[in-house]
Amino acid sequence: MSEPIVLGIESTCDETAAAIVRGRELVSNVVASSMEEHARYGGVIPEIASRAHAEAFVPCVSKALTDANMTLADVDAIAVSAGPGLAGCLAVGVSGAKALAWASGKPLYGINHVIGHIAVTQLQFGAFPPDTLALIVSGGHTSLLHVADMPRHIDVVGTTLDDAAGECFDKVARLLGFPYPGGPHIDRHAQAGDPHAIRVPQGLTQGKAGAEHPYDFSFSGVKTAVARWIETEQALGHEIPVDDVCASLADSVADVLAKKAMRGCKQYGSKTLIVGGGFSANSQLRAKLLEYGEKHGVEVRIPQIKLCTDNGAMVAMLGVNLVEAGIAPSVPDFSIDSSMPLTTVSL
Ligand code: KG4
Ligand code: ZN
């Protein structure tokens, strides 16, 4: 099988998605989002998201097949996100995928959604070089990984000790009155602001803590500092310079991520940095990573925006990697794992 054809299914959070990948080619890509149904609650409501997955599952999968001009008989394998994510949401996708696999007799892979976020870069940039470094920035994860051998061997080099960068943005966005998810609003306002207007701390970059945690992250202090600053200004009756707050926050977070990622590349001798996760859609981070990459002679591979946020292509692409590597499909009674570790690529 030179170019495996894989159907990828995604349902970890508020996107129901399905896609077909053939080798490194994206053949079809369908995403249905329940994001608007959650906006008024200020965050994803698991029960609402699960119900939306149950509604969208069959329409998404059938559209992905129709768009690819295929039926289930044409695919070599099915891959589904089995974690990490919301348990009820994962259960809908995994159960649906199991039914499809059972009825069609196709092998099924329960894969790690977060690893899918970096796998997806192969659709644009080709296979991973061996021993490469990867930066994962999703809603729940901020981690540096050493990908020794994709998809067989991945180690965690560093991770956030508290909030993820995406979480930190979403929390500050709430303070500023933006609807969920706040990240894209901060991004937009930051483009009009002064990145040096407010001093935002950079956690674990200096002194003893920085030396002890060269590749770890901490963003809860950032959130607290920005919240304090806003409170103080409000108490003084000052108008909040929203654009400047967003620009200062975004610049500080992007700077820490880019600096630590480059240091990791140097440490591991990697001339490539793979980037993935919803937060990699952030324009300040993208610009900073490309700037630092050029300075340090590191090729930075960031997916195009539509492949940064949750989608089925990332799941299908990782499925292709697993098929190509000759890794056995998941056992028929595999379950979901809402806190799947980053070192588990498939169940
Ligand atoms: O990877 P993802 O789609 O979901 C998870 O698997 O967690 O990431 C969602 C996160 C949210 O925190 C959202 O605010 C953030 O990505 N995000 C952004 C942008 N687009 C999405 N954050 C900053 N700027 C953006 N443009
Ligand atoms: Zn994600």
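Here are some friendly notes on this predicted model, point by point.

1. **Ground rules.** Residues are numbered from 1 along each chain as its sequence is written, and chains are lettered from A and ligands numbered from 1 in the order in which they are written. Because the model is predicted, local features need pLDDT of at least 70 and side-chain atom pairs count only at pLDDT 80 or more, while totals for chains, interfaces and linings use all residues; side-chain values use heavy atoms, with hydrogens and water left out.

2. **The main core.** The largest nonpolar core holds 45 residues. (Such a core is a set of buried Ala, Val, Leu, Ile, Met, Phe, Trp, Tyr and Cys residues joined through side-chain atoms within 4.5 Å; buried means under 20% relative accessible area, exposed over 50%, and partly exposed in between, with a 1.4 Å probe and protein chains only.) Leu135, Leu249, Val253, Leu257, Leu273 and Leu289 have the most contacts inside this core. At least two residues each come from strand E6 (132-137), helices H6 (165-175), H7 (183-190), H9 (220-235) and H10 (242-268), strand E9 (272-276) and helix H11 (283-296). H10 gives the most, with 13 residues. Helices (H or I, at least four residues) and strands (E, at least two) are DSSP runs, numbered from the N terminus.

3. Leaving out residues up to four places away in sequence, Leu249 touches Cys168, Phe169, Val172, Ile186, Val200, Val222 and Val226; contact here means heavy atoms within 4.5 Å. As background, nonpolar side chains tend to be buried together in soluble globular proteins.

4. **H10 against H11.** The axes of H10 and H11 come within 9 Å and cross at roughly 35 degrees. (Axes are lines fitted to C-alpha atoms, for helices over the stretch in contact, and angles run from 0 to 180 degrees between N-to-C directions.) The crossing of H10 and H11 is right-handed, a term used if the near helix is turned clockwise from the far one by less than a right angle. On the H10 side the contact includes Ala250, Ala254, Leu257 and Met262, and on the H11 side it includes Leu285, Leu289, Tyr292 and His296. By class, the contact has eight nonpolar, three polar and four charged residues. For that tally, Ala, Val, Leu, Ile, Met, Phe, Trp, Tyr, Cys and Pro count as nonpolar, Asp, Glu, Lys and Arg as charged, and the others, Gly among them, as polar.

5. **Cysteines.** If you were looking for disulfides, the count comes to zero, taking a disulfide as a pair of cysteine sulfur atoms within 2.5 Å. Cys89 is in no disulfide, and the nearest cysteine sulfur, that of Cys13, is 6.5 Å away. Cys89 is buried, at 0% relative accessibility. The sulfur of Cys308 is too far for a bond, because the closest cysteine sulfur, in Cys13, is 16 Å from it. Cys308 is also buried, at 0% relative accessibility.

6. **Cis peptide bonds.** Two places deserve a look. A cis bond joins Gly83 and Pro84, with omega about -15 degrees, and Pro84 sits in the loop between strand E4 (77-83) and helix H3 (87-104). From Met150 to Pro151 the peptide bond is cis as well, with omega near 0 degrees; Pro151 lies in the loop between strand E7 (142-149) and strand E8 (153-159).

7. **Positive phi.** Asp131, a residue other than glycine, has a positive phi near 55 degrees. Asp131 belongs to the loop between helix H5 (122-125) and E6 and is partly exposed, at 40% relative accessibility. Phi of Leu204 is likewise positive, near 55 degrees. Leu204 is in the loop between H7 and helix H8 (207-212) and is buried, with a relative accessible area of 14%.

8. Ser34 is found in the loop between strand E3 (25-33) and helix H1 (35-39). With a relative accessible area of 3%, Ser34 is buried, and beyond four places in sequence Ser34 touches Asp14, Ala49 and Ala52. Gly43 lies in the loop between H1 and helix H2 (46-67) and is buried at 15% relative accessibility. Beyond its neighbours within four places in sequence, Gly43 is in contact with His38 and Tyr180.
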